[in-house]
Amino acid sequence: MERRSALKTMAGAVGGLISLPAWATGWTPETVSLSRQFFSPQQEAVLAALTETIIPKTDTPGARELNVYQFIQKVVADCYDKASQTKFQKGLDTADELAKKSFGKSFSEGEPAQQAAVLTQMSQSGDPDLKAFYSMVKGLTIKGYLNSEYVMTNLTNFQFMPGHYYGCVPVPAKTGTKSD
Amino acid sequence: MSYFNIDAQAQNTYDAIVIGSGISGGWSAKELTGKGLRTLVLERGRDVRHITDYPTTMTQPWEFEHRGQLTHEMKEANPIISRCYAFYEGTHQFFVKDAEHPYVQEKPFDWIRGYQVGGKSLMWARQTQRWSDFDFDGPARDGFAVDWPIRYADLAPWYSYVERFAGITGNKDGLPNLPDGEFLPPHEWNCVEKHFQKEVAKRYKDRHVIMGRAAHITQPQPIHFQQGRAQCQHRTICERGCPFGGYFSSNASTIPWAAKTGKLTLRPNSVVHSIIYDEQKGKATGVRVVDTETKQMKEYYARIIFLNAAALNSNLVLLNSTSRRFPNGLGNDSGTLGKYVAFHNYRAGISAEFDGNLDSTTDGRRPNSPYIPRFRNLYKQETDFLRGYAAGFTAGRATKTNQEGFGADLKNNLLNPTLGGWHVGSHMMGETIPKESSYVALDSNLKDPFGIPQLKINIGYDDNDDKMVKDYQEQMTEMFTAAGFTNIRLRDDHRNPGLDIHEMGGVRMGKDPKTSMLNKWNQLHAVKNVFVTDGASMTSTSTQNPSLTYMAMSARSADYAVKEMKKGLL
Ligand SMILES: Cc1cc2nc3c(=O)[nH]c(=O)nc-3n(C[C@H](O)[C@H](O)[C@H](O)COP(=O)(O)OP(=O)(O)OC[C@H]3O[C@@H](n4cnc5c(N)ncnc54)[C@H](O)[C@@H]3O)c2cc1C
Ligand code: SF4
């Protein structure tokens, strides 16, 4: 009873900054096969492009290559209530409309710089629904990315079975340094 | 009686029947079979075999369809069980779903159950503290319940006995209010927990922060290897079932041990409807069972019966066992059956930050945490509420990532988290007072899917609980402040009773048959061959997690029952 509630307390205490330990979550493309198509092909394409804009390919794969959009689709379809699902779908459509207005193409067909501009516009939007959609899609993209098999096994040092608990070790150099 | 019936009766006759295969039933079964009794264990749920029936125990995090999250459908359909912190995508198979087993909430009560071989021993959080004489003396001293018919000395050898077999990790702390046990090496502290321990010790003579005592094998002994169990690997996903048998469960420990004797018959999918009382003989002769697959009623017979269906279900079985002699439930001469139910209060919590010890952190995971034994009203009644509370405590550092913006910068930030500061947290575990007005009873109309009356639950908080919550928050704030913790936040989630999963009472022990159901051997005063050794038997609830006490009581009562049987007294 103790441990998890304490973790939740800790996570709660600092809002979005702290995530639960990575081992508590995670997914792989094979596990997210959809039982039914939830988004239209157009919406799905927009979602895939959005995730890639949020976490692009660099010297490691980006969100699109890791099929993060599939994971998001699954979670939205299965874990969200009707109202949030509708909001999410509307958000995808709005993103596409904004893209058409600003560069005359579907969001998924834009250049990275054009897509980024639309995303910036969304993040600063005065429309609360659009802003909420932006943080929802961004949050899910981050979650999906960090908890994918690829990232957990190749880029973070996830261990299923640590076999130990050491209470006081020096802060390791990598995570100890500030990123800026 | 025709020949056929006699045949059937012989076939369905055992030396002993145990109702329920959870923490207490597993122990009853182990002890009774170990002493040579042909024992039938009746379990309403399905069979769950060690390792092979833990479907998610090796599931990698990314293999969960929804990364552990419950689906909307599951949550909608299960508002009660969804509130339990341990219910998630990896564990839902072990919890009773709301619709499957209905009950009536006269007052809101979140009844958290596991109906399967192993009961809740599969998903429990494994905290195991002994009771002390402060707990057993308490009711007599401050008069809130009847006097316990036993004292710590009666249980102490049995605590040792079950601890050695189950495997309990802990530190010998020498505290009168929390007796030491037979411990395997304790888990490690982290530096902030140590810091808190020191700061508290500096300021308060009577308050202690100790390492939790938990049913984990930190260093296997021969007796654990003989059970086929191995050292705990610190995976901390115990509630999915542990393939190493690293923690104690009926499935990994007592049930297979009982099976090895060749004396055990385990019958899953068998809901006990009631206990059969024979007026001529003046004792119980067997039980009626509804087979969940055929929905047919069958009878099984035995010389002694151990009722271990978990607290409220044991009440239900007795309430439903009526006869001319006992029209209000088996053994209910006192009229107390179903009454004086109490629970633990986990409503309140506190969290804070600490900016010391920033040069160190933790490595690995620990399936346990420090514990603050009860310090209120121990030596004298010092507050305006009765009894007290224990508390959990943990400290940890989580990683922090800058999640601003998007694009390559965001990605880089995500892959290079920094270490956040220390966070500390605690939650209360308060004793509630058993009152006559806190009761369970049978609903006169509503039946469950097996034709058994539904349980009606009427249990609530009172003033005493509110005062205790307030005191916990004040005292912890004082202690946290003294330790230099900052940004202190208090929580009172007003959760429904029941969610703490430590409901107790209704078939309480006592010296006087006029005011209690069971004697000092957990034996019905009025029906000597029926024993109740789960939480239903608890006269008061103390603040310690209760299951270790159920184990000790089950082993002790089984030992007594077999001795009495051999003397021809049962
Ligand atoms: C998430 C969680 C965390 C917990 N943490 C702790 C902890 O840290 N420390 C602690 O001490 N306790 C803890 N508990 C509580 C602990 O699990 C229970 O106290 C303990 O399991 C009770 O043992 P029991 O034998 O009475 O009941 P159970 O283990 O629940 O077993 C009862 C069995 O009886 C069966 N049954 C019920 N009715 C019938 C019937 N009519 N016929 C046949 N069979 C029947 C049930 O299906 C079940 O298998 C926790 C529980 C949960 C769920
Ligand atoms: S922490 Fe220990 S007991 Fe729990 S699952 Fe892991 S190995 Fe098993």
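Mentor: Two residues are in contact when they have heavy atoms within 4.5 Å, and in this predicted model Val287(B), leaving aside its neighbours within four places in sequence, is in contact with residues including Ile17(B), Leu42(B), Ile275(B) and Tyr300(B). Residues are numbered from 1 along each chain as its sequence is written, while chains are lettered from A and ligands numbered from 1 in the order in which they are written. Local features need pLDDT of at least 70 and side-chain atom pairs count only at pLDDT 80 or more, whereas totals for chains, interfaces and linings use all residues, and side-chain values use heavy atoms, with hydrogens and water left out.

Trainee: What makes a set of residues a nonpolar core, and which residues have the most contacts inside the largest one?

Mentor: The set must consist of buried Ala, Val, Leu, Ile, Met, Phe, Trp, Tyr and Cys residues joined through side-chain atoms within 4.5 Å, where buried means under 20% relative accessible area, exposed means over 50%, and partly exposed lies in between, with a 1.4 Å probe and protein chains only. The largest such core has 95 residues, and Ile275(B), Val287(B) and Leu318(B) have the most contacts inside it. Its largest share, eight residues, is supplied by helix 5 (residues 152-166) of chain B. A second, separate core of 43 residues includes Phe39(A), Ile55(A), Phe103(A) and Leu414(B).

Trainee: Why is helix 9 of chain B called largely enclosed?

Mentor: Nine of the nine residues of this helix (residues 311-319) are buried, so helix 9 is largely enclosed by the rest of the structure; among them are Asn313(B), Ser314(B) and Leu318(B). A helix here is a DSSP run of H or I with at least four residues, a strand is a run of E with at least two, and both are numbered from the N terminus.

Trainee: Why is Arg126(B) called buried, and what is said of its phi?

Mentor: The relative accessibility of Arg126(B) is 7%, which is under the 20% limit, and therefore the residue counts as buried. Arg126(B) sits in the loop between strand 3 (104-105) and helix 4 (133-142) of chain B, and its phi is near 70°, a positive value in a residue other than glycine.

Trainee: Why is Asn67(A) called partly exposed?

Mentor: Its relative accessibility is 22%, a value between 20% and 50%, so Asn67(A) counts as partly exposed. Asn67(A) lies in the loop between helix 2 and helix 3 (68-79) of chain A, and although it is not a glycine, it has a positive phi of about 60°.

Trainee: Where is Ser40(A) found, and is it buried or partly exposed?

Mentor: Ser40(A) belongs to the loop between helix 1 (2-13) and helix 2 (41-54) of chain A, and because its relative accessible area is 30%, it is partly exposed. Its C-alpha atom is separated by 10 Å from that of Leu92(A), which is 52 residues away along the chain.

Trainee: How do you know that chain B is as compact as a globular protein of its length?

Mentor: Chain B, with its 12 helices and 22 strands, has a radius of gyration of 24 Å, close to the 25 Å that the globule rule gives for 570 residues, so it is as compact as a globular protein of that length. The radius is taken over C-alpha atoms, and the rule is 2.2 Å times the number of residues to the power 0.38. Of the 570 residues of chain B, 66% count as buried.

Trainee: How many helices and strands are there in chain A, and what share of its residues counts as buried?

Mentor: Chain A has eight helices and one strand, and 49% of its 180 residues count as buried.
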